[in-house]
Amino acid sequence: EVEDDEACLAEPISCALNCLELSPVQQGDIVAIIGSGPLGVIFSDLVRWKGASEVVVVERSREQIVVASQACQADVFVNNSEENLRARIAEITGGRGVDVLIVAASSVEAQTAALHLVAPHGRVNLFAGLPRDNSTLCWDANFIHYKECAVCGTHGSRPEHVHAALQLMASGIIQAKRYISCTLPLAEIDRAIEAARGVGRLKIVKP
């Protein structure tokens with residue numbers, strides 16, 4: 001029941017499912033996702049399916065926010081290049097912080113900010129890797145100690161996650177076509193790579 005262009009997205013969806021196994025979302029949680037690229041959009045749908053009561057997506061690019069808002073189920077978008085992120089999260093959560101925070105952006109700044117945004121007993125997942133030459137964080141460990149929060153990283157997935165991703169697409173729970181910005185033939189690979197480097201897009205696939 002899954003078309004080929006959707007099926008190729010089972011891999012990123014499976015990685016997101018692995019993340020949510022390690023940093024679970026519970027019914028009624030407020031979840032924040034930093035980054036509104038393809039994985040940020042996928043996460044917004046998956047955490048809603050898992051029972052999140054409110055989904056907040058954080059993004060620095062206005063253009064990317066426009067694209068993501070048309071493809072995902074987030075309740076709030078926060079442009080952290082124009083708004084104070086900590087103040088905005090405090091406003092949304094009544095000062096408590098979010099229950100689950102997923103960093104789906106390859107940014108030292110975003111990962112460093114995570115502990116300031118999560119609630120006591122919250123879960124932080126560093127989903128996106130950092131550049132090898134810039135992968136050191138400076139954290140106050142007391143945030144983890146006194147908030148009793150869990151910090152976890154996610155890399156890759158297992159075969160059962162891929163199977164689950166295909167089942168979610170086949171059942172219509174996940175509508176993967178919304179994650180595809182355009183399809184380009186292999187003959188236009190240079191154009192596809194250039195498009196993938198830019199902002200204001202989601203996934204680019206070969207028909």
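How many salt bridges does the count come to by this rule? The count comes to 14, a salt bridge being a side-chain nitrogen of Lys or Arg within 4 Å of a carboxyl oxygen of Asp or Glu.

1. A word on the basis. This is a predicted model, in which local features need pLDDT of at least 70 and side-chain atom pairs count only at pLDDT 80 or more, while totals for chains, interfaces and linings use all residues. Residues are numbered from 1 along each chain as its sequence is written, and side-chain values use heavy atoms, with hydrogens and water left out.

2. Asp75 and Arg48 meet through their side chains in a salt bridge of 2.6 Å, N to O. This pair links distant parts of the chain, 27 residues apart: Asp75 sits in the loop between α4 and β3 (76-79), Arg48 in helix α3. (Helices, H or I of at least four residues, and strands, E of at least two, are DSSP runs numbered from the N terminus.) Asp75 counts as partly exposed because its relative accessibility is 43%; Arg48, at 22%, also counts as partly exposed. (Buried means under 20% relative accessible area, exposed over 50%, partly exposed in between, with a 1.4 Å probe and protein chains only.)

3. Arg62 and Glu82 form another salt bridge, with the closest N and O atoms 2.4 Å apart. Arg62 belongs to helix α4 and Glu82 to the loop between β3 and α5 (85-93), 20 residues apart. Arg62 is exposed at 59%, whereas Glu82 is partly exposed at 48%.

4. Arg96 pairs with Asp99 at 2.7 Å between the closest N and O atoms. Here Arg96 is partly exposed at 43%, but Asp99 is buried, at 11%. Elsewhere, Glu3, Asp5 and Lys177 are linked in a network of salt bridges.

5. The structure holds 1 aromatic pair: Phe43 and Phe127, edge-to-face, 4.9 Å centre to centre with 90° between the planes. (Rings of Phe, Tyr and Trp, its six-membered ring, pair if their centres lie within 6.5 Å; planes under 30 degrees apart count as stacked, over 60 as edge-to-face and the rest as tilted.) Both Phe43 and Phe127 are buried.
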